[in-house]
Amino acid sequence: MNLSVDLAGVTLDNPVMTASGTFGSGEEYSRFVDLNRLGAVVTKGVANVPWQGNDTPRVAETYGGMLNAVGLQNPGIDVFIRRDLPFLQQFACKTIVNVCGRTKEDYVDVVERLADQPVDLLEINVSCPNVREGGIAFGQKADALYEITAAVKRAARQPIIMKLSPNVTDIAEMARAAEAAGADAVSLINTVTGMKIDVKSRTFVLANRTGGLSGPAVKPIAVRMVYQVANAVKIPVIGMGGIVTAEDALEFILAGATAVSVGTANFFRPSATMEILDGITEYMERCHIDDIHELIGAVKESGR
Amino acid sequence: MKPERKEVRIVKQELLAADIYSMVLDAPEIAREAKAGQFVSLYCRDGSRLLPRPISICEKNDGEGTLRLVYRTVGDGTKEFSSYAAGETVALMGPLGNGFEKRKERAVLVGGGIGIPPMLQLAKELTCEKTIVLGYRDEVFLADEFEPYGEVILASEDGTHGVKGNVLDAIRHYGVEGAVIYACGPLPMLRGIKEYATAKHLICQLSLEERMACGIGACLACVCRSNAVDPHTNVKKKRICKEGPVFYAEEVDLS
């Protein structure tokens with residue numbers, strides 16, 4: 001049975017990856033998950049300098065989902081290169097580094113610092129809804145996305161994945177802009193901007209007032225967007241948004257995702273990625289499918 | 001031992017006071033490992049409630065292999081836990097975080113509200129002389145269980161039990177003496193205790209609380225501000241679930 005997939009020339013042993021920001025750099029989860037069995041680890045976003053992140057409370061639970069406004073707290077690229085990359089290098093999984101910044105120069109700075117590092121792919125975070133400047137500003141207008149993608153692509157040694165925001169009117173237009181600017185792949189969806197209010201105290205639950213919604217609550221939106229994007233571009237699509245089970249992951253694959261990322265599920269099922277990988281394998285055995293490629297984008301009309 | 005998410009059997013569940021429940025779990029491995037001040041993550045069965053609830057460890061019994069959690073029902077998740085009966089199971093992970101550092105000097109244990117339960121295991125583990133100061137809004141719970149381990153002083157906001165006021169009012173009223181303060185309770189109480197300990201040059205350990213997601217240090221949801229750059233985060237923030245929940249007062253910025 002073939003589970004391996006190709007992302008911009010990089011071969012993943014299987015399509016199961018982690019979603020940025022939910023898995024650190026893998027160290028904390030390595031007691032629950034055999035990192036060797038993951039297709040790739042996507043690290044938490046890293047910037048050129050350390051970031052403080054937002055005030056607390058940073059998370060709130062909502063029905064079937066959660067809001068977060070961590071604000072991309074990270075130790076900065078120096079510590080990341082010195083500590084996190086050597087840790088990940090011990091494992092067979094591919095390493096995808098999520099890159100964040102406030103300005104175009106910030107992104108380019110990080111990408112250049114990673115040029116000679118053991119990194120397989122870069123994921124460019126232009127869609128975090130929780131930071132005031134940079135981030136989302138690049139991810140909500142097609143021309144701004146084109147510009148940042150082109151700038152990062154010029155500086156990058158590794159293939160680049162642009163991570164798209166769902167907080168746009170036309171996700172396909174955004175994907176096409178990224179592809180036109182040279183993106184090697186796109187990943188989606190980042191979180192959906194939301195808000196929770198405590199009616200007892202009549203206050204915002206999150207210190208940041210708004211946060212990004214993730215978890216099963218967003219899955220149908222994410223599947224729809226992955227389907228639209230997969231039909232709009234030729235580059236590979238990485239699907240994510242509320243994946244908890246193998247069935248969830250298969251929905252994204254059938255919608256057109258070449259690989260999938262597991263995020264919020266890690267918080268309540270620390271070994272979720274392993275269960276999903278096993279479940280995909282069982283599904284393929286049961287359905288006599290020899291190659292995962294038979295499933296990618298294979299959704300069809302019900303014919304009723 | 002590596003903590004894993006597992007199902008454990010509930011031995012006993014009882015209501016101690018309004019909205020305060022005591023749940024005893026058959027969890028020999030966790031009990032063996034657990035230290036005063038650590039916590040466990042409890043998972044809801046209802047799939048609409050995703051995130052684990054961090055609950056402090058109130059007591060452990062190595063001989064019987066049990067763990068006791070005393071918690072307040074504050075939302076739908078903890079209400080769900082309170083509906084579980086003996087014989088049912090609950091999913092949890094732990095023990096998590098670092099507990100109190102047990103010192104030899106004369107101790108003052110301070111618990112406020114739902115910060116009281118973790119002080120019980122600490123009271124049992126500390127062999128030194130100690131005074132235990134417990135602060136309540138109104139209804140008292142667990143206080144009698146502290147009696148075997150030291151002098152117990154109560155404070156309540158409405159004055160129905162012990163000194164009228166908060167734990168600091170009680171400490172001042174009785175002239176409580178000690179070299180080390182161990183405290184768990186609401187943030188305003190911890191701020192007050194820190195200020196008191198600083199003024200009196202006392203060693204002070206505080207157990208903090210924050211909304212958590214992963215509970216194991218990966219997501220950076222539950223950070224507190226620290227006075228120095230933290231070696232892991234590389235900024236002045238510490239992870240409460242991993243480096244905490246107990247910190248020395250001078251490490252953290254509670255302002």
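Start by selecting helix α5 of chain B, residues 167-174. What covers its buried residues? Colour β8 (107-112), β9 (130-136), β10 (151-156), β11 (163-164) and α6 (187-199) of chain B, which are among the elements that do the covering. Helices here are DSSP runs of H or I with at least four residues, strands are runs of E with at least two, and both are numbered from the N terminus.

Now show the side chains of B:V167, B:L168, B:A170 and B:I171, the buried residues of α5(B). They sit on the same side of α5(B), because they cover an arc of only 160° around the axis. That arc is taken from the directions from the helix axis to the C-beta atoms. "Buried" means that 20 or more other C-beta atoms lie within 10 Å of a residue's own; with 12 or fewer it is exposed, and in between it is partly exposed, with C-beta atoms placed from the backbone. Step past the end of α5(B) and you reach B:G175, with a positive phi near 60°.

A quick word on what you have open: this is a predicted model, where local features need pLDDT of at least 70 and side-chain atom pairs count only at pLDDT 80 or more, while totals for chains, interfaces and linings use all residues. Residues are numbered from 1 along each chain as its sequence is written, and chains are lettered from A and ligands numbered from 1 in the order in which they are written.

**Next stop: α3 of chain B**

Select residues 117-125 of chain B. Is this helix, α3(B), largely enclosed or largely open? It is largely enclosed by the rest of the structure, since 7 of its 9 residues are buried. Those buried residues are B:P117, B:P118, B:M119, B:L120, B:Q121, B:L122 and B:A123.

**Zoom out to chain B**

Show chain B as a cartoon and you'll have 6 helices and 16 strands to look at. Its C-alpha trace spans about 50 × 45 × 35 Å along its principal axes. The radius of gyration of chain B is 18 Å, which agrees with the value near 18 Å for a compact globule of 255 residues. That radius is taken over C-alpha atoms, and the globule rule is 2.2 Å times the number of residues to the power 0.38. Of the 255 residues, 52% count as buried.

Where they touch, domain 1 of chain B puts in 21 residues and domain 2 of chain B puts in 18. Two residues are in contact if their C-beta atoms, placed from the backbone, lie within 7 Å. On the domain 1 side, β6(B) gives the most, with 3 residues. By class, that side has 15 nonpolar, 3 polar and 3 charged residues. Here Ala, Val, Leu, Ile, Met, Phe, Trp, Tyr, Cys and Pro count as nonpolar, Asp, Glu, Lys and Arg as charged, and the others, Gly among them, as polar.

**Across to chain A**

Bring both chains into view. Their contact takes 32 residues from chain A and 24 residues from chain B. To find the chain A side, select β5 (59-62), β6 (65-68) and α8 (265-268) of chain A, the elements that give two or more residues to it.

Chain A itself has 9 helices and 16 strands. Its radius of gyration is 18 Å, close to the 19 Å that the globule rule gives for 304 residues, so chain A is as compact as a globular protein of that length. Buried residues make up 59% of chain A.

**Last stop: two residues of chain A**

Pick A:T273 in helix α9 (residues 272-286) of chain A. A:T273 is buried, with 31 other C-beta atoms within 10 Å. Which residues is A:T273 in contact with, leaving aside neighbours within four places in sequence? They are A:V16, A:T18, A:V33, A:L38 and A:V262. Draw a distance from A:T273 to A:V244 as well: the two are 29 residues apart in sequence and 8.4 Å apart in space, C-alpha to C-alpha.

Finish on A:V260. Its contacts, not counting residues up to four places away in sequence, include A:P15, A:V16, A:M17 and A:F252.
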